[in-house]
Amino acid sequence: VLCAPPGAVEESIRVGGLADIKAERVRRILLGLLKKFPLECQHAATMMSSSSKASKGGEMGGGVVPEEILRSLPGEPTLEFLRSWDGSSVREFLTSLDGVGPKTAACVMLFALGLPEFPVDTHVLHIAQKRLKWLPSGANRETAFLHLNCRIPEAIKGPLHVLLVEHGKRCRACSRGSLQKEEIEGTCPLPEANREGRAAE
């Protein structure tokens, strides 16, 4: 990412929106990791590439980090050292990074570090709030994350997150309008499960 030609990173993530802002934040995070955790990053391969040499440096916002900065930094940016930290410390560190909120931090913890977190995206929030009634009224993504992350058993946080996201993409009853991509066959089981749950209570 740091050695990518100008605009390459931005173009690769443009479909997600705010590509210029996100790419700039990613570069700053990577440089920050290298400066703050030099020993943890020392396993890296060289960060120099033909594209960075050809560019002769430039502004970080343009997609290129000056060659002299790259030469002065050890190794390759990594978060592998976070595997030895406890979950609350990892979460605190990740959310201290510019542009990283609870959902992004939870996704990094779950998918990159294998830690039991329950990310709350649009699909999860909609299903948990509107269909399953798992959340207090008026809950937003952040309060929903705090509420669900401490209540869902650790062993099923990852599988349940993936299940709800996939269900939200495919189920007409549980999608949010244009977010539906593919319709499932049969009847959605969630309303019946919800009724059974309320009856059991």
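## Exercises on a predicted helical model

K133 is exposed, with a relative accessible area of 51%. Keep in mind that the model is predicted.

**Exercise 1. Where is K133 found, and what is its phi?**

Step 1. K133 is in the loop between helix 7 (122-131) and helix 8.

Step 2. Read the backbone angle. Phi of K133 is positive, at about 60°. K133 is not a glycine.

Step 3. Most residues other than glycine have a negative phi.

Step 4. Check the exposure class. Exposed means over 50% relative accessible area. K133 has 51%, so it counts as exposed.

**Exercise 2. Is L18 buried or exposed, and where does it lie?**

Step 1. Find the loop. L18 sits between helix 1 (8-12) and helix 2.

Step 2. Apply the cut-off of over 50%. The relative accessibility of L18 is 60%, so L18 is exposed.

Step 3. Look at phi. For L18, a residue other than glycine, phi is positive and near 55°.

**Exercise 3. Describe the protein chain as a whole.**

Step 1. Count the elements. The protein chain has 10 helices and zero strands.

Step 2. Write the order along the sequence. The pattern is α-α-α-α-α-α-α-α-α-α.

Step 3. Take the buried share. The protein chain has 201 residues, and 39% of them count as buried. Buried here means under 20% relative accessible area.

Step 4. Finish with the surface. The protein chain exposes about 11,800 Å². Carbon and sulfur atoms supply 54% of that area.

**Exercise 4. What lines the largest pocket, and which residues lie nearest its centre?**

Step 1. Start with the volume. The largest pocket has about 780 Å³.

Step 2. Count the lining. There are 28 residues around the largest pocket. Nearest its centre are G99, V100, T104, A105 and V108.

Step 3. Assign the lining to elements. Helix 2 (19-36), helix 6 (102-112) and helix 8 (141-149) each give two or more residues to the lining of the largest pocket. Helix 2 gives the most, with seven residues.

Step 4. Sort the lining by class. It has 17 nonpolar, five polar and six charged residues.

Key
Residues numbered from 1 in each chain as written. Predicted model: local features only at pLDDT ≥ 70, side-chain atom pairs only at ≥ 80, totals over all residues. Heavy atoms only, no water. 1 Å grid on protein atoms, 1.4 Å probe; cavity = no way out; pocket = protein on both sides within 12 Å on 5 of 7 lines; lining within 4 Å. Points joined across faces, edges and corners; volume = space filled by probe spheres on them. Helix = DSSP H or I, 4+ residues; strand = E, 2+ residues; numbered from the N terminus. Nonpolar A, V, L, I, M, F, W, Y, C, P; charged D, E, K, R; others polar. Buried < 20%, exposed > 50% of the residue type's maximum accessible area, 1.4 Å probe, protein only. Areas by Shrake-Rupley, 256 points an atom, 1.4 Å probe, with all protein chains shown as cover.
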